[in-house]
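Please look over the structure shown here before reading on.

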Amino acid sequence: MIYEHAYEIVVDDVFLHLDRASPRHDVYLKLEGLNPAGSIKLKSAVSMVEDAERRGVLQPGATVIESSSGGLGIALAMMLADKGYRFICVTDPNISSLSRDIMSALGAEVVEVDRRDTAGGYLGSRIAYIEQRISADPALVWLNQYTNPANWRVHDQYTARAITAELSKVDYLFVGIGTSGTLTGCINHFREVSPDTTIVAVDTLGSVSFGHMPGPRHIPGVGASKPPELFHPELVDEMIVVPESDAVRTCRWLAARYGLFAGGSTGTVMSAILRRAQDLPAGSCVVGISPDFGDRYARTIYDDAWVTEVFGPECLAEPLAVAGGPELTGTRS
Ligand SMILES: Cc1ncc(COP(=O)(O)O)c(C=O)c1O
């Protein structure tokens, strides 16, 4: 297949069947990291940039500014380089050095905001920084993934549709939330096409998305220190919160058992699936969305010394739900 632009290479139809994850169920991960931007955020980038161009907000010679913990920044850097726009990515110290280097290689200016917001995270500070830059230079174009409807619409039109096209009956869909674009798009599609699917939103402990207390977080992508405007809790069936330590254990288990080098949020989502699987009816079809692979987490989640220092040596072991240990500490509603 021949493409004219790297950013058009969206791979939306690949699922990994995890045959040993939960023997009584059919568990699949939808792999979103197989495109040249390496994450699900390529679809959001294409959708928001094309929408801004259509609306005339983004015109030749413009500079785009956006807040990202890595994935969207890389996708935008790639697309905006090809289209000839300049790009400023506003990020924070949790970004992986590899993500930062990739963005720089693609010509983006990367600004790391290291002042914590009132919730102890960085999102509020990243947004305050963007607002300050825009007030100094109103010509900057902020796509704003946190509020932009093009961010969730693309997951209704593509991500969710690809799931129902591949699997005739999905009983449970597990989606991690950052901006909630993926989740909101999936909700829209599934409520119309497959209303019986139980939709489970997955967050990380320390994130405020489900209304819990803020706390320290180290893994970029999933979770927020500011409530995501695109997230509507009343539209989901269940919410599960996973401690980062268990996401780490689950990532390492996926690598060791399945040869799947998964990103942090895949570990978070898979951890929620493993925990919940114990109560699901036999024969259920369970799908989790895997936003990216492990490359950008090689120096953290897959580094024994980092894991031991941040989470303790017990996190080098299998996830508790697999090891048959005590129930995990997250909450479910
Ligand atoms: C790496 C990564 N990309 C994308 C997503 C999905 O984020 P959003 O809710 O912004 O669509 C997540 C959230 O789990 C993530 O961790």
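The residues of the shell around the ligand divide into five nonpolar, eleven polar and two charged, where Ala, Val, Leu, Ile, Met, Phe, Trp, Tyr, Cys and Pro count as nonpolar, Asp, Glu, Lys and Arg as charged, and the others, Gly among them, as polar. Of the 18 residues around the ligand, those that come nearest are Gly176, Gly178, Thr179, Gly221 and Ser265, a residue being near a molecule or strand if its C-beta atom, placed from the backbone, lies within 6 Å of it. Helix 6 gives the most to this shell, with three residues; helices (H or I, at least four residues) and strands (E, at least two) are DSSP runs, numbered from the N terminus.

This is a predicted model, in which local features need pLDDT of at least 70 and side-chain atom pairs count only at pLDDT 80 or more, whereas totals for chains, interfaces and linings use all residues. Residues are numbered from 1 along each chain as its sequence is written.

The chain is divided into domain 1 (6–35 + 150–323) and domain 2 (41–142), with bounds that come from an automatic or database domain assignment. The C-alpha centres of domain 1 and domain 2 lie 24 Å apart, and 29 residues of domain 1 are in contact with 26 residues of domain 2, contact meaning that the C-beta atoms of two residues, placed from the backbone, lie within 7 Å. On the side of domain 1 that touches domain 2, the largest share, seven residues, comes from helix 5 (residues 149–166). By class, that side of domain 1 has 13 nonpolar, nine polar and seven charged residues.

We turn next to the sheets. An open sheet of six strands has the order 1-2-10-7-8-9, with mixed pairing, two strands being paired if DSSP finds at least two bridges between them. Its edge strands are strand 1 (15–17) and strand 9, each of which pairs on one side only. From one strand to the next, the twist averages 25°; axes are lines fitted to C-alpha atoms, for helices over the stretch in contact, and angles run from 0 to 180 degrees between N-to-C directions.

Within this sheet, strand 10 (residues 285–290) is mostly covered, with five of its six residues buried; a residue is buried if 20 or more other C-beta atoms lie within 10 Å of its own, exposed if 12 or fewer, and partly exposed in between, with C-beta atoms placed from the backbone. Strand 2 (residues 26–31) pairs with strand 10 in the parallel sense over six bridges, and Val27 stands opposite Val286 in strand 10. Strand 7 (residues 172–176) also pairs with strand 10 in the parallel sense, over three bridges, and there the bridge partner of Tyr172 is Val286.

Tyr172 also stands opposite Thr198 in strand 8, and five bridges join strand 7 to strand 8, the two running parallel. Six of the seven residues of strand 8 (residues 198–204) are buried, so strand 8 is largely enclosed by the rest of the structure. Strand 8 is in turn joined to strand 9 by five bridges, again in parallel, with Val200 opposite Glu238 in strand 9. Helix 8 (residues 264–277) packs on the sheet, touching strand 2, strand 7, strand 8, strand 9 and strand 10, and its direction makes about 160° with that of strand 10.

Two buried residues can be followed individually. Ile187 lies in helix 6 (residues 181–193) and counts as buried because 25 other C-beta atoms lie within 10 Å. Leaving aside its neighbours within four places in sequence, Ile187 is in contact with Ile199, Leu235 and Val236. Pro243, in the loop between strand 9 (238–242) and helix 7 (244–258), is buried because 20 other C-beta atoms lie within 10 Å.

A further open sheet is formed by four strands in the order 5-4-3-6, with parallel pairing. The edge strands are strand 5 (109–112) and strand 6 (141–142), each pairing on one side only. Strand 3 (residues 63–67) and strand 4 (residues 86–91) pair in the parallel sense over five bridges, and the bridge partner of Glu66 in strand 4 is Cys89. Helix 2 (residues 71–83) packs on this sheet, touching strand 3 and strand 4, and its direction makes about 175° with that of strand 4.
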